[in-house]
Number of protein chains: 2
Amino acid sequence: MAKRDSGTPARPRTATLTDVARLAGVSVATASKALNGRDHVHPETRRRVFDAAEQLSFTPNTLARGLLAGRTGTVGLLTSDLEGRFSIPILMGAEDAFGAGQVNVFLCDARDDTIRERHHVQALLNRRVDGLIVVGSRTDPRPSLGRNLPVPVVYAYAPSDDPEELSIICDNVTAGRQAIEHLIATGRTRIAHISGDVAYAAARDRAEGVRAALADAGLSLVGDVQYGSWSEGWGRAATGLLLDRHPDIDAIFCGSDQVARGVMDSVRERGRRIPEDVAVMGFDNWEVLAADARPSLTSVDMNLEEVGRAAARALFAALDGSPRSGVESLPCRLVIRGSTVSLS
Amino acid sequence: MAKRDSGTPARPRTATLTDVARLAGVSVATASKALNGRDHVHPETRRRVFDAAEQLSFTPNTLARGLLAGRTGTVGLLTSDLEGRFSIPILMGAEDAFGAGQVNVFLCDARDDTIRERHHVQALLNRRVDGLIVVGSRTDPRPSLGRNLPVPVVYAYAPSDDPEELSIICDNVTAGRQAIEHLIATGRTRIAHISGDVAYAAARDRAEGVRAALADAGLSLVGDVQYGSWSEGWGRAATGLLLDRHPDIDAIFCGSDQVARGVMDSVRERGRRIPEDVAVMGFDNWEVLAADARPSLTSVDMNLEEVGRAAARALFAALDGSPRSGVESLPCRLVIRGSTVSLS
DNA sequence: AAACAGCCCGAAAAGGTTTTCGGAGTCAAC
DNA sequence: GTTGACTCCGAAAACCTTTTCGGGCTGTTT
């Protein structure tokens, strides 16, 4: 692969304000004022400056501007687990909310490693980010970055363990309640709950909502909460055990869509129809799994994009001098498909 | 939620080099030289400066440094489709390769919108990024950003339509070949191919490799390539048609793991055993789908993280004055599981 | 004619760092 | 005592933009 003899095309040096000023025949001060719409610039002069800027395709150096203003218009987005599918929508929501303004986002993945995280935080602070959003991989509280940072911080999805800081999370307890209320509304009374790893706060929180909703309706869970892993295989296994012991089950609420897919397979193999005999509900509303299931899977959507947007807005508010604190939880949303109600 | 009466804790002003110099009793010039390991600084002086820096927990302002050096140590990562699952691993690989150095990554999602993309590119250039990585959502060539940008650009996953630019992509043709060679190696001869949307270059490229490998082995495809959509539903539907017409099929290579899941369901429902009667192969090696299938699904992994890393390295090379050009394709990798060979 | 108001524009400083260049100081040699 | 070599340090410029402040100019009023 020889070097191209045409050579590297000379990269155009980007024009500076000085160049514009020279071309327009004014001082840099005037050029700056003209371009930024400041007062006391003659319309004719302003036009000349704009023409010059256009001609040189000038755009201001954000670094220099940030150095002077003390604000850079950048924020750091610190994730602990990028490949996990929860971070992404949050990240999209945040990027979206910022992108609408003039803010750009530094992305850092700490890989759930504290050392790496500290390293990244330091790097971000050196770059003088205006604020930080910390996205967790689980809903369990996570260690705070510390309260003495020079910029505001918002925690998303996973709350900080310091209650004086601001955290935006999903309301998993109410989500469990919503799911059960939906099942009850469709006439189910013998309801079981197959969840994931009990070590996850998300699993325990949802179970709490489940029990509360059942109690309110004068019902109780069929069997205990089946904790296991967040996998299809667990869903299949747990369903077998559960249906053997409680053949009269008419609804199963699952801790994730993966679990639900396993549950559906197992239910169908035992000759029960979904949703006529047994209703099945998932959690996460993971489109590829839920939409293409047979029948399509009713699920709970955590509105993660909204969590990201809310975190971004909260950071804006803090930057504007109205910091909030405490844990703010956002509601989840039911997505009803064919696995709980016959769609005809 | 009343404002806390403790008030916002005064954010510590970050120390500057001037502060360090003053505390150490030297000039800023000396302080800079001492901290950066330059020559001609007395060891004792250097120690004093380091002590002062430590005491003030000084870290240099990267903005100021970048303004001066002309290099900011930042790159822009432009994705067109963040929620699609292909961008993420690439992004992780790139972030990883950069993170090892001192480079930070600006993330921008253009949402497959040209206007938005131009906007983001401009914003990134204003921030004086040192380079750009453009990650596509499909393997089809995409419009170039233009060759007259002031910084080097590397395209990843989706190549640029300008062959003079550098693109790092996956070798989908060879991937199709690899898949078929594996099936043949396990003794299959009646092989079908159920793929996704024919509008995707990925689907057509893989089919090309499939045909080439079969031809080399003196075989030919059973039925035509079944193009459809990248969904489970299509996998189920296509399998039905195919098995009706060609009952002697002993292997099905699928265009994606989703399609493969549908295919597996359908094959099993027709009473055929996997892999004894029919081998099934997927594509993408999407863990959640492949690892938890019954049996676990043999698939092709596009090594997307490696694509990201390679793109990052290529950008480094370009920054160091050794730009490359043309399309460089990286090999895919077979991940063999239970759907093609009995694991006992 | 002098003073004054009002409008534009330019010089300069600021922001934090790095680098260049010259100067101050020490010591040895002639 | 003067020169020279050498070591260490500081002043200043550079990067690019924004903002403040003062000055020049025109036209009007006393």
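Predicted model: local features only at pLDDT ≥ 70, side-chain atom pairs only at ≥ 80, totals over all residues.
B:Ala94 belongs to helix H5 of chain B. Show its surroundings: apart from neighbours within four places in sequence, B:Ala94 is in contact with B:Leu77, B:Val105, B:Ile133, B:Gly308, B:Arg309, B:Ala311 and B:Ala312. Is B:Ala94 buried or exposed? B:Ala94 counts as buried because 28 C-beta neighbours lie inside 10 Å, where 20 or more are required.

Next, select residues 74-79 of chain B, which form strand E1. Six of the six residues of this strand are buried. In a regular strand, side chains alternate between the two faces of the sheet. On one side of E1(B) are B:Thr74, B:Gly76 and B:Leu78, on the other B:Val75, B:Leu77 and B:Thr79, and both faces are covered.

Strand E2 of chain B, residues 104-109, runs parallel to E1(B) and is joined to it by six bridges. Within this pairing, B:Leu77 has B:Leu107 as its bridge partner. Now colour helix H5, residues 87-100 of chain B, together with the two strands: E1(B), H5 and E2(B) make a right-handed β-α-β unit. Strand E3 of chain B, residues 131-135, also pairs with E1(B) in the parallel sense, over five bridges. There, B:Gly76 stands opposite B:Leu132.

Now display both chains. How are the two copies related? Chain B superposes on chain A by a rotation of 180° with 0.0 Å of shift along the axis, at an RMSD of 0.1 Å. The copies are therefore related as by a two-fold rotation axis. In chain B, the C-alpha nearest that axis belongs to B:Phe106, at 2.3 Å. The same surface serves both copies, as 100% of the contact residues of chain B recur in chain A.

Stay with B:Phe106 and select A:Phe106, which stands opposite it in E2(B). Strand E2 of chain A, residues 104-109, runs antiparallel to E2(B), and three bridges join the two.

Move to chain A and select strand E4, residues 153-156. Both of its faces are covered, with A:Val153 and A:Tyr155 buried on one side and A:Val154 and A:Ala156 buried on the other. Strand E3 of chain A, residues 131-135, runs parallel to E4(A) and is joined to it by four bridges; A:Ile133 has A:Val154 as its bridge partner. Strand E5 of chain A, residues 166-170, is also parallel to E4(A), through three bridges, and here the partner of A:Val154 is A:Leu166.

Finish in the largest nonpolar core, which has 168 residues. Which members touch the most others? They are A:Ile133, A:Val280, B:Ile133 and B:Val280. Select B:Val280: leaving aside neighbours within four places in sequence, its contacts are B:Ile252, B:Cys254, B:Ala260, B:Val263, B:Met264, B:Val267, B:Ile274, B:Leu297 and B:Ser339.

Technical notes. Residues numbered from 1 in each chain as written. Chains lettered and ligands numbered in written order. Core = buried A, V, L, I, M, F, W, Y, C linked by C-beta atoms within 7 Å. Buried ≥ 20, exposed ≤ 12 C-beta atoms within 10 Å, placed from the backbone. Contact = placed C-beta atoms within 7 Å. Pairing = 2+ DSSP bridges. Right-handed = clockwise from strand over helix to strand, strands pointing away. Least-squares fit on C-alpha atoms with pLDDT ≥ 70 in both.
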